[in-house]
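Reader: I would like to go through the labels attached to this structure and check each one against its cut-off. Please start with the charged pairs.

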Amino acid sequence: TDSHFQPGEWIHLALTWDKTTKEFAVYFDGVRMGAAPWPDVAADGEYVPDYLKLGLYYQDPDGDFPINASYDEFFVFQRALAPEEIGSYVAETERPR
């Protein structure tokens with residue numbers, strides 16, 4: 001499979017959601033990998049959940065599938081961190097050996 005992750009590799013993962021722009025962004029090791037709009041209501045008018053499922057990936061309408069991974073630390077902030085702030089967290093984080 002095409003993956004950014006390798007078994008046994010430690011990564012720093014950051015997710016942000018900006019309430020003003022309604023943009024959801026993903027960072028791996030401090031590098032912004034992509035972003036997408038995450039509105040309160042989808043274009044077709046269907047409700048979009050106001051939660052994020054950690055530890056799952058979505059593959060098809062029939063269900064979610066678990067990710068085989070561990071979490072070392074987990075933080076929630078009251079605002080979307082700027083890319084520089086995310087970069088600082090990555091630089092200050094001691095990676096397991």
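Author: A search of the whole structure finds 2 salt bridges. The model is predicted, so local features need pLDDT of at least 70 and side-chain atom pairs count only at pLDDT 80 or more, while totals for chains, interfaces and linings use all residues. Residues are numbered from 1 along each chain as its sequence is written, and side-chain values use heavy atoms, with hydrogens and water left out.

Reader: What makes glutamate 23 and arginine 32 a salt bridge?

Author: The term requires a side-chain nitrogen of Lys or Arg within 4 Å of a carboxyl oxygen of Asp or Glu. For glutamate 23 and arginine 32 the N to O value is 3.0 Å, so the pair meets the definition. Arginine 79 and glutamate 85 also form a salt bridge, with their closest N and O atoms 2.7 Å apart. In general, side chains of opposite charge can pair when their charged atoms come close.

Reader: Why is glutamate 23 called partly exposed?

Author: Buried means under 20% relative accessible area, exposed means over 50%, and partly exposed lies in between (1.4 Å probe, protein chains only). Glutamate 23 has 30%, so it counts as partly exposed. Arginine 32, at 41%, is partly exposed, and glutamate 85 is partly exposed at 28%.

Reader: Why is threonine 16 called buried?

Author: Its relative accessible area is 10%, so threonine 16 falls under the buried limit. Threonine 16 lies in strand β1, and its bridge partner in β2 is alanine 25. Beyond its neighbours within four places in sequence, threonine 16 is in contact (heavy atoms within 4.5 Å) with residues including Glu23, Ala25, Leu81 and Ile86.

Reader: How do you know that β1 and β2 pair?

Author: Strands are DSSP runs of E of at least two residues, helices are runs of H or I of at least four, and both are numbered from the N terminus. Two strands pair if DSSP finds at least two bridges between them. β1 and β2 have 6 bridges in the antiparallel sense, so they count as paired. They form a hairpin with 4 residues between them, and lysine 22 in the turn has a positive phi of about 55 degrees. Strand β2 (residues 23-28) also pairs with β3 over 6 antiparallel bridges, where phenylalanine 24 stands opposite alanine 36.

Reader: What makes β1 and β3 edge strands?

Author: The open sheet of 3 strands has the order β1-β2-β3. β1 (13-18) and β3 (31-37) each pair on one side only.

Reader: Why is the pair of phenylalanine 75 and phenylalanine 77 called stacked?

Author: Rings of Phe, Tyr and Trp (its six-membered ring) pair if their centres lie within 6.5 Å; planes under 30 degrees apart count as stacked, over 60 as edge-to-face and the rest as tilted. Phenylalanine 75 and phenylalanine 77 have 6.2 Å centre to centre and 25 degrees between the planes, so the pair is stacked.

Reader: What makes the pair of phenylalanine 75 and tyrosine 89 tilted?

Author: The ring centres of phenylalanine 75 and tyrosine 89 are 6.1 Å apart and the planes stand at 45 degrees, so the pair is tilted. Phenylalanine 75 is in the loop between β5 (63-66) and α1 (83-92), and tyrosine 89 is in helix α1, 14 residues apart. Ring pairs link Phe75, Phe77 and Tyr89 into a cluster.
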